[in-house]
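Below is a short briefing on one protein model, arranged by topic. Please keep the sequence and the structure at hand while reading.

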Amino acid sequence: MGNVILTLNNLVWSNPIIFLILGSSIFFTIIFRGVQVRSMKHQIQLLFSASDSEAGISPFATFCTVIGYRVGTANVAGVAVAIWSGGPGSVFWMLVTSVLGTAISYAECALGQVYKIKQDGEYRGGAYYYIQRGLGLKKLALIYAFLTLICVPILTVAPHAFSITSGFQTSLGISQYITGAIAAILLFVIISGGIRRIARTAELVVPFMTIGFVILTIVIIVMRLGEIPAALSTIIGSAFGTDAVFGGMMGTAVLWGVKRSVNSSGAGMGEAVPAASATECAHPGVQGLVNSFSVYIDVFVCICTALIIVLTDCFNVQDTAGNIIHTASGSQAVAQQTVEPGIAWAQEALNSLFPGGIGATILAFFLFFFAFTTLLNYYYQGETAIAYMLNKQSPKTRRTAIWVLRIVMPLIFFYFAIQTSSTSFSAGELGVGLMVWFNVIILLIMSPTIKKVQDDYAAQRKAGKKPVFNPEKLGIKNADLWMEINREEIEKRAAENSEV
């Protein structure tokens, strides 16, 4: 199975997907006029702009839920893997891709809001909804929903499960079986409460884990202040092929930077759409902006990890021919390759600064929270896909199928928690890659609708009004729920216009 997964992953993540991601990121950045960059202050304001309701959760709860899945083990282990295969320059291209990719995140999250529905008393949305309701392609939507169910709560669980267990095994010597079993039980307890329990957990955990990791990085930067210029020079030189050691790796650096950016943030694969669609707001543009901002938090954590590894020189680099062109000087274990690229590199980096293995233990706990909150969102994506596929069935049938997922996913988590690193990361990348191919092409096809939504939001703000979404005014069909959500405000504005 491991060989099959590796082969498929290499096929999916070939040069064409890199051109697709970068090209679409640039395209959406241009047609949105860089809204994801020039609206940062407004994005922060929107986080606290509204509360939840019986049908939906608040923008801040959604933001924490999305950050919870975006800031995962890929932000630590994935960065190490990128440096191993693409050199330190991959970190630079990861940053570039993430900044541009925020435009894709805006597109998919706003579109998810446009075509969301209300089912069993809750808002539901996802890429499959906008494929069916926006393009009228029901069979294609069903295929994507099934792909989501297989790729997200099953395949992409793999690297996070392994990272949790390997982190505690490396730092505290705890068996992967024990950690995997405990985490699987805790996972079941939380996901059994649905989106509201997931959102409450994220609101509690995400601020703590993100701020804590940033503080840890600041402490390390202060401790290694003198090495910062050299570290930044290495990263930039490697990114553009001007560094003597990494001169021939620019293409590989770009490839791995793009791959790790997408695997880390999920922008383009539709991961954030179900949670974004569950939000209570007055205009889809709100969630487009809020969730595009979450990509910045994600890439910032990636940069923190890169600085920890590079500043301590706890990394090796392998070229495309399989030759080691850089050997770590900050860790004997990394230099001798007795530990695999991933969590262990970051743990070795921290151990080189903090005595008695304290650093590795601290990171193991951070990784637990990073990975665990990601898994909660992965489950919800699976739940939403099931709800869509069984839309015509009775509520009881949908609930039964959802409970099956709640039982099966922790078991799948445990399986991957005791596998090898290469297999787990390849499985996760394969799932992400398949969904990116599917979703980004759909977004490009539906870009005129997304542009209408963004222009409408900007026009209302420019006129000094609170943006309120009226799909009929924009000529957008099959978005009837919004006429119900905003009925009072739409009628009020219609009356004001008639009086004028």
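**Briefing**

A search of the whole structure, which is a predicted model, finds zero disulfides.

**Cysteines**

- The sulfur of cysteine 302 has its closest cysteine sulfur in cysteine 304, 9.2 Å away, which is too far for a bond.
- A disulfide requires two cysteine sulfur atoms within 2.5 Å, and cysteine 304 is in no disulfide.
- Cysteine 302 is buried, at a relative accessible area of 2%.
- Cysteine 304 also counts as buried, at 4% relative accessibility.

**Helices H18 and H19**

- Helix H18 spans residues 343-351 and helix H19 spans residues 358-389; they pack at an angle of about 140 degrees, and their axes are 7 Å apart.
- H18 and H19 are therefore oblique to each other.
- Their crossing, that of H18 and H19, is right-handed.
- On the H18 side the contact involves Ile343, Ala346, Gln347, Leu350 and Asn351, which meet Ile358, Gly359, Ala360, Leu363, Ala364 and Leu367 in H19.
- The residues in this contact of H18 with H19 comprise eight nonpolar, three polar and no charged.

**Helices H11 and H12**

- Helix H11 (residues 176-191) packs against helix H12 (residues 194-223) at an angle of about 120 degrees, with the axes 8 Å apart.
- H11 contributes Val189, Ile190 and Ile191 to the contact, and H12 contributes Gly194, Arg197, Ile198 and Thr201.
- Sorted by type, the residues of the contact of H11 with H12 are four nonpolar, two polar and one charged.

**Helix H8 and the glycine after it**

- In helix H8 (residues 127-135), the buried residues are Ala127, Tyr128, Tyr129, Tyr130 and Ile131.
- Glycine 136 follows H8 and has a positive phi, near 75 degrees.

- Most residues other than glycine have a negative phi.
- Arginine 33 is not a glycine, yet its phi is positive, near 55 degrees.
- The loop holding arginine 33 lies between helix H2 (15-31) and helix H3 (35-38).
- Arginine 33 counts as partly exposed, at 46% relative accessibility.
- Aspartate 120, likewise not a glycine, has a positive phi of about 55 degrees.
- Aspartate 120 sits in the loop between strand E1 (117-119) and strand E2 (122-124).
- With a relative accessible area of 46%, aspartate 120 is partly exposed.

Notes: Residues are numbered from 1 along each chain as its sequence is written. This is a predicted model: local features need pLDDT of at least 70, side-chain atom pairs count only at pLDDT 80 or more; totals for chains, interfaces and linings use all residues. Side-chain values use heavy atoms; hydrogens and water are left out. Axes are lines fitted to C-alpha atoms, for helices over the stretch in contact, and angles run from 0 to 180 degrees between N-to-C directions. Helices (H or I, at least four residues) and strands (E, at least two) are DSSP runs, numbered from the N terminus. Angles under 35 degrees count as roughly parallel, over 145 as roughly antiparallel, 65 to 115 as roughly perpendicular and the rest as oblique. A crossing is left-handed if the near helix is turned anticlockwise from the far one by less than a right angle, and right-handed if clockwise. Contact means heavy atoms within 4.5 Å. Ala, Val, Leu, Ile, Met, Phe, Trp, Tyr, Cys and Pro count as nonpolar, Asp, Glu, Lys and Arg as charged, and the others, Gly among them, as polar. Buried means under 20% relative accessible area, exposed over 50%, partly exposed in between (1.4 Å probe, protein chains only).
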